[in-house]
Amino acid sequence: MITSCLFFKLFTLKYFISVILEILMLKNILAMPLHFKCRSPLYPRSTVQRFPVPDDKVAWNTEFIEYKPPTYTSPSIQGQPWADPEIGSANFSPKWNSLDGKVNRESYMGLYNIVNGYPLNPVGRTGICGRGVLGRWGPNHAADPVVTRWKHTEKDINKKPILQFIAIKRRDTGEWALPGGMVDPGEKVAATAIREFQEEALNSLEASECEKQMRKEKFDNFFSNGIEIYSGYVDDPRNTDNAWMETVAYNFHDEDGSIVSSLNLQAGDDAVGVQWVDITSDINLYASHKDIVNRVLSKHMS
């Protein structure tokens, strides 16, 4: 009798916890705005047209009988060491929603659904299946550094200073963006943010060992004090129904500008330009980067 009672209590508690987790996950997804940039008609770096998805048909739980998206995985990622094989391939049994060896297949959005062996974008339909140009099925994890300073001029003495951040111009789209990039398997996200900033905004890949050591001594302390600003889904034009971008963004702020003023900005890796950019209401950036930058601005203006 005691054993049966204990079993019932444990079962009830487990059920209660599972219900609460499902509710929290549902609230997280419902609170998320629609994605727009990953529903643009033409998929990036291709001639593939997305199936049109109206705003009211984005959610998976909304019936959309006519939905017949094309399937596209770029030939450029086939066989790459950083990319997954095709689902169904021999020796490929991904562990969804978990750490799969050194590959993180967990989502900041909570548990994502697997349908017919394929992960589903947690925000909803994008008009295209497959991986597109993304390497991983499911979440593709990135890190984005937001390096900021105050812009002071004589004309602004009686006005609020303007917050600036370092932006790079992307080689693939020509848009201004945060100098971030993909997290390598087993790499700490904060380390990725610093590495990508140095590669794209300081061209560290072309720097000599002496230059790298000088930078390390000068900026190590600055880059060790980043503050996490955002972690979650990114409305990236590369997203598909089965592969999507997520990021963690860190703010590295120099209050008096004495440290970052000595940074020798030089575009490298995937960037064709780099500069300080004023954070204004009409700023236009790649993917969801404007939302991230606005979070940083709100933090420093509060």
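**View 1. Strand 8 pairs with strand 13 in the antiparallel sense over seven bridges.** Two strands pair if DSSP finds at least two bridges between them. Helices (H or I, at least four residues) and strands (E, at least two) are DSSP runs, numbered from the N terminus. Arginine 170 has alanine 271 of strand 13 as its bridge partner. This is a predicted model: local features need pLDDT of at least 70, side-chain atom pairs count only at pLDDT 80 or more, and totals for chains, interfaces and linings use all residues. Residues are numbered from 1 along each chain as its sequence is written, and side-chain values use heavy atoms, with hydrogens and water left out.

**View 2. Strand 8 also pairs with strand 7, antiparallel, over four bridges.** Glutamine 164 in strand 8 stands opposite arginine 149. Seven of the nine residues of strand 8 are buried (under 20% relative accessible area; exposed is over 50%, partly exposed in between; 1.4 Å probe, protein chains only).

**View 3. Strands 8 and 9 form a hairpin.** Five residues lie between the two strands. In the turn, glycine 174 has a positive phi of about 80°. Strand 9 covers residues 176-177 and makes two antiparallel bridges with strand 8. Alanine 177 stands opposite isoleucine 168.

**View 4. Helix 2 runs from residue 189 to 201.** Its 13 residues reach 18 Å from first C-alpha to last, close to the 18 Å expected (1.5 Å times one less than the number of residues). Its buried residues include Thr192, Ala193, Glu196 and Phe197. The buried residues of helix 2 pack against several elements, among them strand 8, helix 3 and strand 13 (contact: heavy atoms within 4.5 Å). Just after the helix, asparagine 203 takes a positive phi of about 55°.
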